[in-house]
Amino acid sequence: LLGSLGGIYLQMGLIDAAREALGRAVELGRLQDNPRQLASHLSDHGFTLLLSDHPAAAIPVLGEALARLEPVEPRDRRLASEILSMLGSAQLRTGRLREAEENMLRSLAHAEAADGERSVAYARCVGALAEVELRTNRLDEAERDSRRSLAILRELLSEDSADVIGASSFVTEQQARAFANL
């Protein structure tokens with residue numbers, strides 16, 4: 001119930017309330033024998049930590065979420081992909097670039113196995129990998145992957161979707177950086 005309440009708070013944009021409810025769900029989840037459910041609560045709790053600008057605190061929470069899924073079963077690949085992507089994002093935001101890239105690549109592999117290369121989940125992972133490539137000054141790779149992400153998203157979603165708008169903005173930002181470097 002606390003996990004569901006935390007999810008509702010997230011949808012309402014009440015990040016602090018979501019973080020508190022999900023933190024309590026994690027505490028209670030540790031008392032039960034349901035690793036998959038606990039991994040889901042940990043994942044959501046880690047997400048609230050990222051949203052509230054606490055990436056360093058999110059890293060161990062997301063690491064535990066992933067550990068609860070190990071070994072990752074086929075039915076859990078989508079969840080593992082999401083966790084790894086968030087973990088990579090937290091690592092990227094804390095300057096742990098090598099680890100971020102490793103986890104983004106692992107996330108991408110799980111997304112491909114779960115939903116295929118022509119899926120929103122896969123496109124999101126490619127876009128996240130492009131962010132790592134940008135931060136590691138691999139501009140050509142970042143541009144290629146961000147354009148690939150945007151192309152997939154445009155095939156699957158409307159132009160006014162948040163995913164397409166975000167990916168399009170990222171491509172535009174990269175173009176501006178490239179132009180500034182000329």
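I take buried to mean under 20% relative accessible area, exposed over 50%, and partly exposed in between, with a 1.4 Å probe and protein chains only. I worked from a predicted model, in which local features need pLDDT of at least 70, side-chain atom pairs count only at pLDDT 80 or more, and totals for chains, interfaces and linings use all residues. Residues are numbered from 1 along each chain as its sequence is written, and side-chain values use heavy atoms, with hydrogens and water left out.

**Entry: D145.** I looked up D145 and found it in helix α8 (residues 139–156); helices here are DSSP runs of H or I with at least four residues, numbered from the N terminus. D145 counts as buried because its relative accessibility is 2%. I then listed its contacts (heavy atoms within 4.5 Å). Leaving aside neighbours within four places in sequence, D145 touches V126, L129, A130 and E133.

**Entry: α3 against α5.** Two packed helices are described by the angle between their axes and the distance between the axes. I used axes fitted as lines to C-alpha atoms over the stretch in contact, with angles from 0 to 180 degrees between N-to-C directions. The axes of α3 (residues 35–51) and α5 (residues 77–93) come within 10 Å and cross at roughly 30°. The pair is therefore roughly parallel, a label for angles under 35 degrees. The crossing of α3 past α5 is left-handed, which is to say that the near helix is turned anticlockwise from the far one by less than a right angle. On the α3 side I noted R36, A39, S40, S43, F47 and L50, and on the α5 side L79, I83, M86, A90 and R93. By class, this contact has 7 nonpolar, 2 polar and 2 charged residues. In that count Ala, Val, Leu, Ile, Met, Phe, Trp, Tyr, Cys and Pro are nonpolar, Asp, Glu, Lys and Arg are charged, and the others, Gly among them, are polar.

**Entry: α5 against α7.** The axes of α5 and α7 come within 11 Å and cross at roughly 20°. I record these two helices as therefore roughly parallel, and α5 passes α7 in a left-handed crossing. S81, S85 and L92 of α5 meet C125, A128, E131, V132 and R135 of α7.

**Entry: nonpolar cores.** I searched for sets of buried Ala, Val, Leu, Ile, Met, Phe, Trp, Tyr and Cys residues joined through side-chain atoms within 4.5 Å. The largest such core has 20 residues, and L42, L50, A58, L62, L69 and I83 have the most contacts inside it. Two or more residues each come from α3, α4 (55–69) and α5. Apart from this core lies another, of 18 residues, including L92, M104, C125 and V171. I also checked L62: beyond four places in sequence, L62 touches L42, S43, G46, L50, I83, M86 and L87.

Entry: Most residues other than glycine have a negative phi, and most peptide bonds are trans. Which peptide bond did I find to be cis? The bond from E70 to P71 is cis, with omega near -15°, and P71 lies in the loop between α4 and α5. D53, in the loop between α3 and α4, has a positive phi near 60°. D53 counts as exposed, at 55% relative accessibility. N137, in the loop between α7 (120–135) and α8, has a positive phi of about 65°. N137 is exposed, with a relative accessible area of 58%.

Conventions: Angles under 35 degrees count as roughly parallel, over 145 as roughly antiparallel, 65 to 115 as roughly perpendicular and the rest as oblique.
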